[in-house]
Amino acid sequence: MQLEPNKYVKELTKEKYKYGFTTDVHTDIIEKGLNEDVVRLISAKKGEPEWLLEFRLKAYRHWLTMEMPTWAHLNIPEIDYQAISYYADPTTKKKDGPKSLDEVDPELLKTFNKLGIPLEEQMALSGMAVDAVMDSVSVKTTFKETLMEKGIIFCSISEAVREHPDLVKKYLGSVVGYRDNFFAALNSAVFSDGSFVYIPKGVRCPMELSTYFRINAANTGQFERTLIVADDDSYVSYLEGCTAPMRDENQLHAAIVEIVVMDRAEVKYSTVQNWYPGDAEGKGGVYNFVTKRGNCKGVDSKLSWTQVETGSAITWKYPSCILTGDNSTAEFYSVAVTNNYQQADTGTKMIHIGKNTRSTIVSKGISAGKSQNSYRGLVRVAERAENARNYSQCDSLLLGSQCGAHTFPYMDIHNETAVVEHEATTSKISEDQIFYCNQRGISTEDAVGLIVNGYAKEVLNKLPMEFAVEAQKLLSVSLEGSVG
Amino acid sequence: MKAEQQYIDLFTQYEAMVCQHSAEVLNAPRAQAFAHFEQLGFPTRKLEKYKYTDVSKFFAPDYGLNLNRLAIPVNPYEVFKCDIPNMSTSLYFVVNDAFYTKEQPTGHLPEGVIFGSLKEMAEKNPEFVKNYYGKLADSSKDGVVAFNTMFAQDGVFMYVPKNVVIEKPIQLVNILRADVNFMVNRRIVIVMEDGAQAKLLVCDHAMDNVNFLSTQVIEVFVGENAVFDLYELEETHNSTVRFNYLFVNQEANSNVLLNGMTLHNGTTRNTTEVTLNGRGAEINLCGMAIADREEQVDNHTFIDHKVSDCTSNELFKYVLDDQAVGAFAGKVLVREGAQHTNSQQTNRNICATRDARMYTQPQLEIYADDVKCSHGATVGQLDENALFYMQQRGISLKEARLLLMFAFVNEVIDHIRMDALKERLHLLVEKRFRGELNKCQGCAICK
């Protein structure tokens, strides 16, 4: 894996020392490949302190000793990690974007309209440089003021490293260590940017941290890192991603999300993922290999994951909860839709460590076309986790005879007071239901959308209001062309 | 490869002796199996299939092997008298891995039925046995199966011809008997022709208080419309290690019931793989385990729905006490085109102490859309309300617990299609829960 450090990188690294850390070397994209110099370069470009560079290097060195895991029920073409460019300057990237909506792929616009996305956002999402003229910027500033009044920190992780190094240092890598897994190590070595949220003691975040982020979401890079810390008695609802399809040239996305929930705090994390899934023949598409984990550290803390996964050629992620604090609660609600040649191996892990901890898992898989959709979940009750309670339900819906739906739940119970339940069913949409809708003048395609939405309602209801509506439409759009 | 090396050396040195005391059909695949074993070794816990049982640990100690086939002086009829009451069975014995040929029951089996030593059958009729031996158990896929194929010298061969119905159940008692720590590699081949019907009860007993390790590979071929019941009852002791591999191939409209019950054991690993190869085939796969002290029970099942219109039902129940460890991994595969599959899988477990551990993985892999598949798993305790209710009515807590646990495993016993065996098991299970070893009067084995 270790390649000869190329000249270009060498020069740049030298340069770094010549001009110091703050020099703004204006390079669009650094050359492809990964080695220690690249890691140093990324760190230097971002003007990071020594400890963070050390963290990156440790992660990189550990990554070298690891092999890509193969246990997932996925067919992943070989990934050449030396053929990826690990740093792209986000500010220059936008210049390549289309100048007006006329230049944007009409197919994309059609989907935008179906989803009912406002015009400004359409422009932002198609990669236009609009951030200076958009209304939302002023909105953003207003939001920022409100947040600041409450003492909430919400900024990019690079900014947080500069402004709040103590907080970042304390929590970065505390939930997902760099040794955790192959992609976590890779991300820790080369992470580009992401978000940092800190909610101080006793503060209830007055808004969903979504509206802001949704516009900000574009161009955070392929190795995103999110860190959310909710201090005692606080509450925050955070929404990541976006319902609009993202055209992205980065094939591999290996992000990390870490959440720390302290005493009596509550975090609600919602994801709507609709990356480019590849074309109908299965060519192209994003690989979404994400490590998401929250630690319910404090007593009576609560963490809730909600995800709607419709995009990506391959989705491989398990948003997990470690229930360390006594009486803590975790929830996982998921809808995963795969169509055409998409593959998904997703689920959750619930690790019960504290006493009287509770977890709920509701997973709904929908497979159509020639796709493969797997649920994989772990419920682990540690020896001292008295009175742990878990309920898991995973349902699969099959549309078409060439797709697959799989369930791989694991239950490791080390305590006799635990009550753990798991249920799974697999079914297809019955012809009676379709016929009933047809009789009433609803086309088969609409009927499927209707039934699928009913099926996923339990999960969609958990999404923040505005997104629930969009997610519903998204489900129908994702399944277009899968019937009839 | 430390544990493997001693067996690789042993086989290289004594291959001729192993072959000399066996039949040509059994000898033929040995070299191939040896190559597979050298390549695979014993499965490690890194393999998903063996996540909960560390195989090489059990093979590491020294065991005696009776490669030279010395006769072991024992009269099973003398020591084993606890024939299940009210249940007349055709009773056969296997001592370690040798079929006991003296004093066989006569006139019990219908004409054409064969029940006897595998080695003998393979010598008498090699062409016939060759069609079946090693056809389901693939030594290239599993290190222990390869190991068994390398060393197995004898076992049992059962054949039921077309449309023959054996009314009377056949009982096979496997007796482990040795004066030193001992290893047994046994092989069983069962052939049910089209329309044949039979019931087989296999009981495992360990007679001596030494460490035993047994590997057993059973291959079952079930023809069209055939009905076959296989009950396996393990009542050994805490220093017994058992690796059992059961491979079943079912043709159209066949009906098979497999029930594996572990009442007393040391470490048990049962691997069951069923292939539903013909339309309309039905498999009922059940199992239960009652484990205490440091006993370990690991059941691994795999049901392959290859064609449409098949049914599979799975039910496994565990009661774990003390530091017992239970594991269950069940996978149901519904292949593309296997429409109208009906599959159900249930695993329920009770952990009675805080040191007991349970691992469960009910898995579904489905590639067809018109199917009904479900699985469920629970781990929990006895219902406190029910216990309270019974105590209110003057039943002691201890008794109430027993009653509930008994009712819990009873569901598995209810699947048994032999009334006398059901009754007997009710008794055995009750005794087991009461902590009395299953002593049946006058039986030397259980003393």
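Predicted model: local features only at pLDDT ≥ 70, side-chain atom pairs only at ≥ 80, totals over all residues.
**Entry: confidence.** I looked up the scores first. The model has ipTM 0.74 and pTM 0.78. Chain B has a mean pLDDT of 85. In that chain, 93% of the residues reach 70 or more.

Entry: I leave its details alone, because coordinates with low pLDDT should not be read in detail.

**Entry: strand β5(B).** I turned to residues 154-160 of chain B, which form strand β5. Is this strand mostly covered or mostly open? I noted it as mostly covered, with seven of its seven residues buried.

**Entry: partners of β5(B).** I checked two pairings. Strand β4 of chain B, residues 114-117, runs antiparallel to β5(B), and four bridges join them. There, Ile114(B) stands opposite Tyr159(B). Strand β7 of chain B, residues 182-192, pairs with β5(B) in the parallel sense. I counted seven bridges for that pair.

**Entry: two helices.** I then looked at α10 (residues 397-413) and α11 (residues 419-433) of chain B. They pack at an angle of about 145 degrees, and their axes are 10 Å apart. The crossing of α10(B) past α11(B) is right-handed. On the α10(B) side, the contact includes Leu402(B), Met405(B) and Phe406(B). On the α11(B) side I listed Leu425(B), Val429(B) and Phe433(B), among others. By class, I noted eight nonpolar, one polar and two charged residues in this contact.

Definitions and conventions:
Residues numbered from 1 in each chain as written. Chains lettered and ligands numbered in written order. Buried ≥ 20, exposed ≤ 12 C-beta atoms within 10 Å, placed from the backbone. Pairing = 2+ DSSP bridges. Axes fitted to C-alpha atoms, helices over the stretch in contact; angles between N-to-C directions. Left-handed = near helix turned anticlockwise from the far one by under 90°. Contact = placed C-beta atoms within 7 Å. Nonpolar A, V, L, I, M, F, W, Y, C, P; charged D, E, K, R; others polar. pLDDT = per-residue confidence, 0-100.
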